[in-house]
Each structure stands twice: as structure tokens, then as C-alpha cells.
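Me: I'd like to learn how to read aromatic contacts in a protein model. Could you take me through them with an example?

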Amino acid sequence: MSENNQTEIILPATIIVRDLAKSIDTSPIQIIKILMANGVMANINQQIDFDTAAIVASECGYEAVLEAAEEEDLQEIGEIPHWRQMISEEDPSKLVNRPPVVTILGHVDHGKTTLLDAIRNTHVADREAGGITQHIGAYQIEAKDQKITFLDTPGHAAFTAMRARGAQGADIVILVVAANDGVMPQTKEAIAHAKAAQVPTIVALNKIDRPDANVDFTKNQLAEAGMVPDEWDGDTMVIPVSAKTGDGIDDLLEAVLLVAETNGIQANPDGTVLGTVIEAEIAKAKGVVATLLVQNGTLKLGDIIAAGTTNGHIRAMFNDRGKAIKKAGPATPVQIMGLNGVPKAGDRFQVFDNDKEARAFTLNLKNAAKIKKQSAPRATLEELFLKVQAGEEKELRLIINADVQGSLEPIINSISDLGANSEISVNILRSATGDITESDVMLATASKAIIIGFNVKVDNAAKAQAASERISIRLYSIIYRLLEDLEKALKGMLEPEMIETMVGHAEIRAVFNISKVGNIAGCRVIDGEIHRNAKVRITRDDEVVFTGELSSLKHEKDDVKEVKTGWDCGLAFKNFTEFAEGDTVECYTVHKASHF
């Protein structure tokens with residue numbers, strides 16, 4: 001019996017509604033009513049996950065406890081292997097060529113969607129009357145009697161989010177660059193993401209039909225961005241196209257097939273069935289619908305699969321044109337129904353022999369994810385050296401943001417010189433001017449990179465994501481300090497990183513002058529807490545005017561150790577009295593990185 005007088009009941013990771021009703025001695029209709037009240041639409045034969053079942057059980061007077069998987073199951077079933085790893089372990093005699101998987105990246109308004117539509121409308125395999133009946137995030141086309149699979153992702157953000165979860169579903173990237181606009185900031189971001197993915201990249205030089213198109217100028221910009229055209233003795237195929245008129249589309253697809261042939265893209269149709277989740281959602285009247293990309297083996301109707309932390313039987317399967325199918329081979333995108341939850345884009349999936357194995361796998365993955373989140377080391381310069389010592393790392397990956405181009409260039413040149421004189425290579429994935437944003441953190445997460453900022457700020461969304469993903473952001477205002485730290489990191493002499501944790505904020509609402517004491521700031525705590533012994537920073541119009549410590553913290557007339565959100569307080573600062581009404585006081589603590 002639990003402490004809250006509810007009867008304990010042991011439930012599996014997933015359970016059918018009918019079985020849950022039997023377990024807690026309640027009618028299935030009552031279970032369905034409770035589910036509906038909690039926003040879950042399920043029938044009597046539908047599976048629900050443990051968390052959902054626990055809510056229902058609680059409302060019926062039971063406290064649910066998750067059934068522990070047998071220890072031998074957890075040891076035998078680990079993480080789903082990456083498909084490239086799986087294929088490397090297959091019998092070479094059973095490998096066959098498969099369609100290449102392509103994703104399209106590029107600057108907004110440079111014609112990604114128009115290009116995808118042009119390719120799809122003129123080269124759809126097995127064209128049916130009425131054309132394409134639905135859009136499932138991926139589709140196949142046919143060119144020169146060969147199939148090509150396209151991942152129709154919104155852009156490099158989705159592409160990188162998938163890679164951050166270990167997906168890397170694409171074999172080839174097509175980078176769309178408008179010939180009239182040239183290389184734009186988002187183009188450079190897309191180049192960085194494509195390079196970090198380490199997959200071949202083809203440039204589609206779009207909008208050549210426009211009178212203001214400047215092909216040679218754009219090629220020169222591409223070369224400066226590290227994408228040197230093959231006609232200039234580089235290694236990047238640049239194909240002029242017009243998504244609007246259709247010119248060059250066949251040349252682009254021929255380039256894709258040539259790169260695919262050169263890279264020997266293969267799979268075993270009879271091997272282990274696994275792949276990647278492209279997207280998933282709960283659809284009205286259908287339940288969970290997931291789009292999968294099969295990357296090895298052949299997926300069949302009725303198969304038992306685990307996708308991320310979800311599992312189930314494939315009850316229905318459709319191709320990219322909405323036609324019901326019974327099987328799908330390598331590089332085929334399919335839409336399936338039957339999972340007991342919504343997996344994330346980028347999750348891997350695998351077919352198992354029975355429900356027990358699939359459930360044990362998902363439970364193991366949930367537990368492993370919790371442990372990994374708690375114990376995962378942060379991507380820091382200190383961690384880099386530890387990995388170098390262990391022989392696990394030979395490259396320092398950096399993302400660099402500076403306030404102006406005049407600062408960025410000498411930083412990049414100096415860092416390149418450091419890398420040239422070190423056993424560890426330095427790879428600058430992306431360099432740009434401007435504040436550090438969520439996009440920078442996404443790239444760092446996917447590539448295990450460190451973010452360096454010079455005279456820039458970090459926006460709030462980026463701070464939150466960096467904390468969640470345990471990504472190190474190091475900020476500098478003096479170039480030689482930045483270079484000194486990098487040099488020390490490469491030589492293994494860097495001092496442990498100091499981690500700053502925000503405690504709270506207060507707003508100065510009045511300034512009082514007290515004889516023999518001086519100026520006192522009358523404040524209201526607007527979030528968190530203000531601590532007597534913590535560090536403080538005063539900002540005015542987003543500029544820091546003081547960094548130091550408190551000399552006094554009072555609530556009304558009493559000296560206190562802390563003041564919470566919503567309370568008023570009086571603050572005095574050590575060696576600083578030039579604060580003003582409207583200033584913001586940040587309270588924070590500083591400590592060494594715990595892993596060092």
C-alpha cells in the first residue's frame with residue numbers, strides 16, 4: 001500500500017484499454033471516459049503507454065508502478081544501431097544498390113519549395129490519375145529509370161534536429177542558391193550544416209531565368225564559402241537550374257545519380273529492418289501516424305517495431321501517394337499506423353521478433369535516456385583534452401560568432417594558425433557576425449561543437465537550449481584571452497571552465513540616500529531570488545554597468561540572506577553607487593564545471 005492510501009498496481013510499458021480495465025476491475029467504458037476527459041481518444045482495443053495508464057489508474061484509486069523488464073532483456077537489447085553501421089556488418093554478397101536519399105537546404109526564398117515541386121511534378125514514379133494524393137514529408141521520383149528519394153524537410157533546422165538525434169537520413173544534400181541573390185547568411189548556415197553532416201553536397205544554382213541573375217559572381221561567393229565549383233578545379237558540382245521553367249532539372253537529377261554511383265549507396269533488402277522516423281503526429285480518427293524511411297531490410301505489414309520510445313504492430317502502411325502497400329524496401333518512405341505513442345523526428349526504428357522484445361527495448365531506451373541526461377558530460381574545452389588523452393578525439397569543432405567582420409577575420413586566421421601547429425585539428429564549422437542564437441546551439445548539438453562568442457550576447461532561447469543540451473558557450477571581450485584559452489585547451493593546460501547559474505532578477509524602482517550609508521537601491525524581485533552571498537550584475541539598456549557583490553540585503557528593516565519573487569528589498573553594492581531607477585539587477589552563482 002502506498003503512502004497516499006492508493007493500492008499499488010504493476011503495469012507494463014504499454015497496455016490495451018481492455019486489459020487495463022481488467023487490471024483495475026473497472027469497465028472499459030469508464031476507462032474510455034477518463035481518457036476522453038484527459039484529451040486522449042482511444043477505443044477498447046487500442047494500446048496506451050504507461051504514463052497515460054497511470055493517470056487513469058490514479059483516478060480509479062490505484063497507484064501504477066512500471067513493470068521492470070527482465071534484466072537479461074535489457075542487457076541483450078541495446079540502442080538501435082545506425083543504419084550505416086548495420087550495413088557495414090551485412091554480408092557484402094547480399095548488398096544491392098538502393099535509391100539515394102536527398103534533402104534540400106538553402107536560404108529562405110531561394111526556391112527550395114519551388115524546386116521540390118518542379119522535381120515532384122515532372123518525375124513522380126508510377127504516376128496515377130489525379131497526381132499526388134497526399135504529402136508525407138518524403139517521396140520518391142524516377143529519373144533515367146532509377147529512383148531517388150527526397151526528404152521534404154522545412155530546411156536546415158529540421159535537418160540538423162534529426163542529426164542531433166543520430167539520424168543523418170540523407171545520403172546527398174542539394175544546396176539551393178539563387179543566382180540573383182548569391183550567398184546569403186542562411187546559405188552559409190546551410191553550408192555549415194551540410195559540411196557537419198559529412199555528406200556530399202551538390203549546388204543547385206537556381207533562378208537562372210531571371211534577368212538579374214549573375215552566375216559567375218555567385219560561383220565566386222560559393223568558392224569563398226568553401227564550395228569551390230568543380231569547373232574551377234574544386235570538388236562541388238554546381239548545376240544551373242530554373243525551378244520556374246524546369247531548365248536544368250534533368251541535369252541536377254543526373255548529378256544526384258552520378259554522386260550516388262560514385263559513393264556506392266547500398267543496402268540489404270533481406271537484412272535487419274531498420275530506419276529513421278521522418279515525422280509523426282496524432283491524426284483525427286486515425287491515431288498515431290508516422291512517416292518512416294526504411295534504410296535496410298524490408299518493412300512489412302504486421303511487423304512489430306520499436307521507434308524511439310514507442311512500439312506497436314504495423315496495422316496499415318501507405319506509400320508516398322497514399323496507396324496501401326504490404327511491404328517497403330530500402331530507401332522507401334512509408335506512412336504507418338499502429339504505434340502506441342508519437343516518436344520524434346530523427347528517432348531510429350527497428351523490427352523485432354515479438355512484443356516482449358519491442359517493449360523491453362523501449363523501456364530500456366527510456367531508462368538509458370534518463371541516465372544519459374543526468375551523467376552526460378558537457379561539450380567543453382576541458383572535456384576535449386580528456387578525450388584527446390584517451391585517444392577518442394582528434395578534432396576541435398568550433399562555432400564562432402563575433403560582433404563585426406573586422407573582429408571575426410583575425411580570430412579565424414589566428415585559430416587556423418593554432419590548429420596548424422597542433423596535433424589536434426581545428427574545424428570551424430561556422431563563423432558569423434551577430435549574437436548567438438538557437439540555430440548555433442542546434443548545430444553545436446548535432447556536431448558536438450563548442451560555441452565561441454566575441455563581444456556578442458546569447459539570446460534567451462539559445463541559453464535555455466544550451467543548458468538543456470549541455471553545450472558550452474564561451475564568451476570573450478579580449479581576443480588574446482580567447483586565443484590563449486584555445487591554445488591551452490589544445491595543449492591540455494586549460495583551467496576548468498567556470499559555469500554561471502542565474503539565481504534571480506530584481507528591478508531598481510527607487511534610489512534612496514541615507515546619511516552615513518550612501519545610496520540604497522529600492523528593488524522588487526521579478527523572478528527567482530536575490531541571495532546575499534551571490535554575485536550580482538547591474539544592466540542598463542542591455543549594457544552591463546557593474547559586476548561585483550552586495551554589501552547589504554534588507555527586507556524592510558531586517559538584514560536577510562535571501563529575498564524571493566514578488567518581495568521588495570533594499571540593496572547596497574560593494575564599491576558602486578551609480579545605479580539608477582529602471583536598472584536591472586542580475587543575481588548569479590559561479591562554480592567550476594563538475595566533470596573536471
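Me: Are Y139 and F150 buried or exposed?

Reply: Both Y139 and F150 are buried (under 20% relative accessible area; exposed is over 50%, partly exposed in between, with a 1.4 Å probe and protein chains only). A word on the basis: this is a predicted model, where local features need pLDDT of at least 70, side-chain atom pairs count only at pLDDT 80 or more, and totals for chains, interfaces and linings use all residues. Residues are numbered from 1 along each chain as its sequence is written, and side-chain values use heavy atoms, leaving out hydrogens and water.

Me: How do I read a ring pair, and how many aromatic pairs are there?

Reply: A pair of aromatic rings is described by the distance of the centres and the angle of the planes. Rings of Phe, Tyr and Trp (its six-membered ring) pair if their centres lie within 6.5 Å; planes under 30 degrees apart are stacked, over 60 edge-to-face, and the rest tilted. By this rule there are five aromatic pairs. The Y139 and F150 centres are 5.8 Å apart with planes at 20 degrees, so this pair is stacked.

Me: What about F546 and F576?

Reply: F546 and F576 are stacked too, at 4.6 Å centre to centre with 10 degrees between the planes. Both are buried. Ring pairs also link F546, F573, F576 and F579 into a cluster.

Me: And which residue lies over the face of Y588?

Reply: For a charge over a ring, NZ of Lys or CZ of Arg must be within 6 Å of the ring centre and within 35 degrees of the ring normal. Here R537 lies over the face of Y588, 4.4 Å from the ring centre.
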